[in-house]
Amino acid sequence: MFDGIFTHYLIKELQRLENVRINKVNGITACEFFFTLSSRNKLFISVNSNSMHLRITTMDLVNSPIKSTFFQSLKKYLESSIINKISQFNNERIIIMEISHFDELGYIIPVKLVFEMFGRNSNIILIDQDNLIIDCYRRLFDNETTSNDNRIVLPRYNYLFPRTDRINPYIDSNFFDYNNNIYQGVSNLLYSQLVRDNSLKRIYSEVNPTIIKNEKTNKYYYYCFDLPYIEGPREHFDSLSEMLEYFYTSIKTEVSLNNEQLFINSYINKEIAKINEKIRKQEDELANAHKHLSYQEKGNLLASNLHLIKRGDKSVIVEDYYNNNQKVEISLDPLLSPKKNLENIFNKYQKAKRAIMQINNQLEISKNDLQYYHCLLNQLSIAKANDIIEILKELNLKQEYTKNKIKKQKPSITIYKTSNDDIIYVGKNNTQNNYITHQLANNFDYFFHVQAVPGSHVIVKTKNLTEDLKNLAASIAAYYSTSRNNTNVCVDYTLVKNIKKVPGIKGSFVIYSTYQSIFVKPDIDYIKKNTIN
């Protein structure tokens, strides 16, 4: 999908970043970066083998601390530098960014940033004005390269472009070879279409970014223009960057996990494991305490037969009137008097009663904590950049996100609007849930929540809760819950005035007794169709 032809058209889109300053170099993961630009855009860069691409974006991205020497090199040479020119090498998947770097004395030092978008061998290479490699993301020795040119990609080595004997279709397009793909930068995906066209003319087509879902294989394809030979529904976009962003953040969501998400996910799962172990121990203690309740019966039997006991007796055999007067032996402490033995047994019974009460309270707290962390896992699965920061702040995991300036910001909630001016607020984490339900909503707004499973609070502000609006709000609540992959989800709804926050419980748990329920299917296409941006 990301071939030389695609790169050719992406370069034209990226060229609007020429003469723009790189304000800051940011890391997301070890293989994903973004540049904050003076044009108020961001340039997202991925050399992940499953998602290698560049795109212009305005979306919020979380900057994670990356400690690699390559990342530090990028920061040193690119921050506060100017992008002068963006070009392509021949028709390869190679993007060259010529940059003016300013040293400590303000002198201009030309550098180049080369992006080799070669799938699992994708690389970013920083080159000085003498064509020497300053640093690179992936270091390659001659025995590790997949081509026949024996390139070495290491700091202080000359940078060499990969050699190829293929034909650049933009230079030599006098004939079309429909037997062999001899063309530089033409992927098999595109070549299959060119064979059907029996022509190279399509490579000059007007850009029409398209995502196609092949329903037979259930696979998605994207390209810079439509490929009619692939059957299936299509979605078109205004730019290649917009298409790439949708593809990698909505369709291939597994590649959008950043370091902060992985960090939180690991932390939560460790907490869940610890709580599960605590619950296991508490349940064992509870079972043991229940066994000790039998001391009440032993005490009553002993009290009825106290006259049979003498100091020094190690046990006494009595008739158990709790069990058909069968003979039962009760152990005694020979160092204690009969009365003290009786007190000792009743003390064990009272201790067991107190233990049961305490353990039940602790067990309830542990189960509430477990539910809290499972809710956080669901919230993390749908979290965007600002949502992640709010979760970090809630868990007090990183000092950089708990500064006063962050605390003063309002939660970045998701808002849907309908053509009738109804407004639907969605809380995607505990901070947002508490805000929209207990601060933003009034008593006569409507509250929606999936029944009995973790999910978002959904608040509907409307003068008339129609059946269509009810279905829409319930579908949104179902989509932003752990039941989003089910086909029939039960959603409760009620007036906000009926909602009460559960005191002393972490998170955003609420209770309500007056409510109605509706069954819906979580469907993002239905939600988009019935809301406006």
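In helix 3 (residues 188–197), the residues Leu-189, Leu-190, Tyr-191, Gln-193 and Leu-194 are buried, where buried means under 20% relative accessible area, exposed means over 50%, and partly exposed lies in between (1.4 Å probe, protein chains only). Helices (H or I, at least four residues) and strands (E, at least two) are DSSP runs, numbered from the N terminus. The model is predicted, local features need pLDDT of at least 70, side-chain atom pairs count only at pLDDT 80 or more, and totals for chains, interfaces and linings use all residues. Residues are numbered from 1 along each chain as its sequence is written, and side-chain values use heavy atoms, with hydrogens and water left out.

The buried residues of helix 3 pack against helix 1 and strand 11 (219–223). Just after helix 3, Asn-198 takes a positive phi of about 55 degrees.

Helix 1 (residues 4–14) also packs with helix 4 (residues 240–251), at an angle of about 115 degrees and with the axes 9 Å apart. Here the axes are lines fitted to C-alpha atoms, for helices over the stretch in contact, and angles run from 0 to 180 degrees between N-to-C directions. Helix 1 and helix 4 are therefore roughly perpendicular to each other; angles under 35 degrees count as roughly parallel, over 145 as roughly antiparallel, 65 to 115 as roughly perpendicular and the rest as oblique. Helix 1 contributes Phe-6, Tyr-9, Leu-10 and Glu-13 to the contact, and helix 4 contributes Leu-240, Ser-241, Met-243 and Leu-244, contact meaning heavy atoms within 4.5 Å. By class, this contact of helix 1 with helix 4 has six nonpolar, one polar and one charged residues. In this scheme Ala, Val, Leu, Ile, Met, Phe, Trp, Tyr, Cys and Pro count as nonpolar, Asp, Glu, Lys and Arg as charged, and the others, Gly among them, as polar.

Attention now turns to the strands. Strand 16 (residues 423–427) is mostly covered, with four of its five residues buried. Strand 15 (residues 414–417) runs antiparallel to strand 16 and is joined to it by four bridges; two strands pair if DSSP finds at least two bridges between them. In the hairpin of these two strands, which has five residues between the strands, Asp-421 takes a positive phi near 70 degrees. Strand 16 also pairs with strand 18 (residues 457–461), in the antiparallel sense over five bridges. Ile-423 of strand 16 is the bridge partner of Lys-417, and Ile-423 has Lys-461 as its bridge partner in strand 18.

Finally, Lys-529 lies in helix 12 (residues 524–529). Lys-529 counts as exposed because its relative accessibility is 72%.
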